[in-house]
Amino acid sequence: MSNHSESVSFIWSVADLIRDTFKRGKYQDVILPLTVLRRLDCVLEPTKDHVLETNARLKGKLENLTPQLQNASGYAFYNTSLYDFEKLLGDAPNLAANLKNYINGFSDNMREVIEKFDFNNTIDKLDEAGLLFLVVEKFKNVDLHPDKVSNHEMGYIFEELIRKFNEALNENPGEHFTPREVIRLMVNLQLAQDLDAIKKNHIIRTVYDPCCGSGGMLTTAKERIVEINPNADVHLFGQEVNPETFAICKSDLYMKSADGRDAENILFGSTLADDKHADKRFDYLLANPPYGKDWNRDKEKVEAEFERGDAGRFSAGLPRISDGQLLFLQQMLSRMKEPEKGGSRVAIVMNGSPLFTGDAGSGESEIRRWILENDWLEAIVALPEQLFYNTGIATYVWVLTNHKKADRKGKVQLINATTFWVPMRKSLGDKRREISKDHIQQITKLFTDFTGTEYTKIFKSTDFGYRKITVERPIRLNFMASNERIERIKSEKAFQNLSVSKKKDPKEKASEESKGREQQDLILTMLHTLPPTLLKDPKEFDRVLAKAIKESGLKITAALKKSIWSALSERDETAEVCKDADGKPEPDPELRDTENVPLSEAIETYFDREVRPHVPDAWINTDVVDQRDGKTGKVGYEINFNRYFYKYVPPRPLEEIEADLKKVEEEIAELMKDVVR
């Protein structure tokens with residue numbers, strides 16, 4: 001195959017063989033495991049005879065043959081089955097049994113990986129349909145040896161296949177695949193300030209991805225570090241919840257080195273529910289978590305982790321159940337090395353939701369607050385749209401660290417790279433654009449220069465914070481005992497409850513309800529004794545009502561009195577202010593409003609300038625306080641990226657618009673002449 005697109009097309013052509021037996025969404029059950037098996041077959045082919053000879057010679061003589069067989073294969077895995085793809089096809093009648101034998105012949109570490117595909121059932125299904133020989137033969141004709149198809153190209157092939165499967169299944173956008181140029185940009189941003197340190201002798205660096213997919217981010221990071229320093233010792237760590245992509249990632253990493261060290265550090269399972277690398281800290285952490293995917297499956301474990309407070313991974317807060325991106329970011333920040341040990345740098349690509357979703361006091365806002373108040377956020381880069389394979393939405397790279405340089409402390413850099421793209425010659429799904437190498441260098445330079453430009457703006461961390469205060473206005477009511485308003489009391493809950501009994505005994509229940517109805521009638525009679533005049537002073541109405549109640553001899557509870565006030569009153573801006581027992585104005589819930597006051601400004605100063613001139617009777621509700629600092633108002637953080645780079649484009653002159661309309665009218669008139677003719 002001359003390029004990975006041809007390889008993908010060739011492998012995908014297997015679908016033509018199986019389309020009548022497998023649904024489109026199940027093609028991956030056939031194609032992915034056979035792609036991996038053929039890759040392994042090509043890799044092991046040169047040493048296959050040596051492995052079989054070593055196994056035959058030492059079997060029964062040594063208790064543990066693994067080290068000798070690994071040495072014979074040249075990898076951390078091997079296969080002791082007598083079969084390979086060519087020999088499997090030589091015994092067509094027994095192909096199904098022999099293929100299972102071939103899989104069982106792999107070393108334990110590789111067999112554990114292959115078992116994630118649950119391939120045995122697929123083998124049986126292909127065999128029953130008479131397709132197994134044709135499919136295996138198809139794959140046998142593809143040479144996927146690293147000498148023919150590099151590990152880098154193989155990564156493209158795996159991810160291209162996964163992209164096609166996602167399209168078939170209409171799966172979550174961006175869940176598996178991150179374009180390589182986006183990964184390169186993320187890695188560049190991570191390493192840009194550490195180049196001198198990486199170039200040192202005997203340097204060791206660890207890289208971690210909590211949702212590593214097929215491993216593209218990890219391998220790209222390692223390649224870049226080794227490119228800077230060929231002698232660098234780079235250790236990769238990752239975790240993946242999807243069994244197929246986990247198997248692809250781990251098997252490919254096994255083929256990248258003789259010791260299989262990196263592959264052994266790729267673990268299976270949900271990072272949110274069960275962090276398999278909880279005892280480790282890393283130098284570089286990068287990820288592309290699923291966008292807009294709920295974390296309901298991990299809810300119990302995540303909430304338990306949150307309840308642990310600072311000892312847990314999610315102490316800052318929990319985002320809404322429908323989107324777990326900020327949980328992955330908290331996970332990564334919890335795995336940073338201490339600043340005294342060199343600290344860490346995080347790069348994560350997310351959609352726009354984590355920038356601004358969630359009001360003050362919400363889980364999302366509290367997570368942003370935690371990040372910014374700890375001064376971990378270095379930069380956010382807005383990427384071009386239509387970069388990703390499954391979605392055309394806007395995405396952003398966040399760069400975070402706990403060892404900022406002195407000139408970056410307390411500051412955040414926003415980079416608008418939405419115009420840094422070139423069109424692709426051929427679209428791949430929703431991906432119609434890509435970031436060129438020159439663009440990656442330009443964006444990286446903007447990041448390292450750390451100065452304000454047309455594309456870059458520098459802010460204080462506190463510039464994104466605000467204090468949300470509650471503004472109250474007094475309630476003003478008029479009162480009148482008109483027939484219409486008196487009738488309203490019948491719909492008041494406290495009044496209705498007078499004729500409702502909770503007694504279980506039928507007689508007692510009937511008696512109590514009868515007395516309640518009598519009480520209701522007496523209250524209605526009393527209300528009709530009130531003067532039918534419009535009163536705008538609540539004190540005066542209270543005196544009139546108290547007198548009528550006293551003269552009627554009724555005992556009115558506080559709840560009933562509140563119902564009478566509610567029924568006989570209407571809002572009236574010209575009425576006097578209603579006050580409580582202490583003489584303080586009572587707030588009107590319908591007039592209640594909020595204001596977001598920048599953290600850099602005192603709330604009283606803001607209130608006197610922005611609110612009081614317009615509503616002189618308003619006041620700040622000091623009972624609404626922040627849960628963390630106890631001060632008036634709730635603290636919130638949001639990063640409205642577009643606002644900071646918005647450019648006003650004035651509308652066209654009216655004359656120009658009128659000229660265009662006139663021209664269109666003339667063209668229509670000419671067309672109508674042709675119709676009439």
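Me: Leaving aside neighbours within four places in sequence, which residues is Lys125 in contact with?
Reply: Welcome! This is a predicted model, where local features need pLDDT of at least 70 and side-chain atom pairs count only at pLDDT 80 or more, while totals for chains, interfaces and linings use all residues. Residues are numbered from 1 along each chain as its sequence is written, and side-chain values use heavy atoms, with hydrogens and water left out. Lys125 is found in helix α9 (residues 119-128), a helix being a DSSP run of H or I of at least four residues and a strand a run of E of at least two, numbered from the N terminus. With contact meaning heavy atoms within 4.5 Å, and close sequence neighbours set aside, the partners of Lys125 are Thr21 and Phe22.

Me: Is Lys125 buried, exposed or partly exposed?
Reply: Buried means under 20% relative accessible area and exposed over 50%, with partly exposed in between (1.4 Å probe, protein chains only). Lys125 has a relative accessibility of 38%, so the class for this residue is partly exposed.

Me: How many Å apart in space are Lys125 and Asp147?
Reply: In sequence, 22 residues separate Lys125 and Asp147. In space, going from C-alpha to C-alpha, the separation of the two is 33 Å.

Me: Which helices do the buried residues of α5 pack against?
Reply: Helix α5 spans residues 66-73, and Leu69, Ala72 and Ser73 are buried there. They lie on the same side of α5 because they cover an arc of only 95 degrees around the axis, taken from the directions from the helix axis to the C-beta atoms. The helices they pack against are α3 (27-44) and α4 (48-58).

Me: Which residue follows α5?
Reply: Look at the backbone just after this helix. Its phi is positive, near 85 degrees, and the residue is Gly74.

Me: Leaving aside neighbours within four places, which residues does Ser322 contact?
Reply: Ser322 sits in the loop between α17 (299-307) and α18 (325-333). Its relative accessibility is 39%, so Ser322 counts as partly exposed. Asp580 is 258 residues away from Ser322 in sequence and 43 Å away in space, C-alpha to C-alpha. The contacts of Ser322, sequence neighbours aside, are Gly292, Lys293 and Asp294.

Me: Which element of the protein chain has the lowest mean pLDDT?
Reply: pLDDT is the predictor's confidence in each residue, from 0 to 100. The protein chain averages 91, and 95% of the residues score at least 70. Strand β6 (residues 377-382) has the highest mean among the elements, 98. The lowest mean, 66, belongs to helix α11 (residues 151-169).
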